[in-house]
Amino acid sequence: MAALRAAGRTSLVDSAVEQLRAQLAEGEWAVGDRIPTEHELAQQLGVGRNTVREAIRVLVHAGLLESRQGNGTFVRSTADPAAVLRGVRHAGARDVLELRTALEAEAARLAAERRDTHDLLRLRAALTTLREEGDRDADADLAFHLAVVAATHNAAFIEVYRFFSAQVHEVLVEALGDRAMPPVDIDVHEALVAAIEAGDPDGAEQQARELLRVPAETVAALLEESREAGA
């Protein structure tokens with residue numbers, strides 16, 4: 001294997017991480033396999049053992065590798081969350097909003113079916129903060145939506161949404177450019193909480209979709225303007 005050459009500002013550690021990610025994605029090692037030793041990897045990659053050690057730490061933190069004291073480092077997963085992250089960042093705003101709508105509509109249904117007293121208290125607290133902060137604090141809106149997802153009591157759903165939600169904001173800000181984000185509609189947020197509180201899955205889904213209708217329409221209008229400008 002050719003020695004790694006750092007390009008531009010990319011450090012040797014970053015280069016080693018990317019090379020190891022590629023090997024995992026290409027099936028060089030299967031889940032459960034023990035990867036080569038630091039010494040062997042250093043020779044393969046043409047870098048020092050300290051560089052390999054740091055690269056492995058990055059991949060352990062990312063959940064792709066697992067270090068077992070005195071036994072080596074093993075493949076935990078070949079599904080790279082960073083690749084998903086890059087894909088979301090490169091997706092269009094409309095694509096991201098459609099996915100967000102699907103996630104939040106189902107989350108609202110599950111929340112209405114599974115919410116408990118703690119969930120309702122958390123939702124009401126998030127709604128109060130959102131009412132006070134309005135669109136001045138994007139974190140308040142995110143906290144509200146996370147409270148809805150938490151009420152699903154579905155660990156996988158919660159982790160996926162945490163991972164996805166930050167990227168949604170970045171994509172929308174980039175798509176809107178100098179324009180302000182659509183203002184927070186407090187009435188619809190309140191209606192969503194009321195539907196969840198009442199145990200009404202259909203109503204909760206409807207309100208969740210309504211929450212994203214204005215952002216979706218805003219993005220659609222921007223896309224149409226861009227299309228006309230380019231015509």
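Helices (H or I, at least four residues) and strands (E, at least two) are DSSP runs, numbered from the N terminus. The model is predicted, so local features need pLDDT of at least 70 and side-chain atom pairs count only at pLDDT 80 or more, while totals for chains, interfaces and linings use all residues. Residues are numbered from 1 along each chain as its sequence is written, and side-chain values use heavy atoms, with hydrogens and water left out.

Two kinds of space come next. On a 1 Å grid over the protein atoms alone, a cavity is a set of points where a 1.4 Å probe fits but cannot get out; a pocket is an open set with protein on both sides within 12 Å along at least five of seven lines, and lining residues have an atom within 4 Å of a point. Grid points are joined across faces, edges and corners, and a volume is the space filled by probe spheres set on the points.

| Space | Volume | Elements each supplying at least two lining residues |
|---|---|---|
| Second largest pocket | about 240 Å³ | Helix H3 (49–61), strand E1 (65–68), strand E2 (72–75) |
| Largest cavity | about 50 Å³ | Helix H5 (93–114), helix H7 (138–150), helix H10 (201–230) |

The lining of the second largest pocket includes Arg34, Glu38, Arg53 and Arg68. Cavities of 30 Å³ or more number two. Among the residues that line the largest cavity are Glu104, His145 and Leu211.

Arg68 also lies over the face of Phe74, 4.0 Å from the ring centre; the rule asks for NZ of Lys or CZ of Arg within 6 Å of the ring centre and within 35 degrees of the ring normal.
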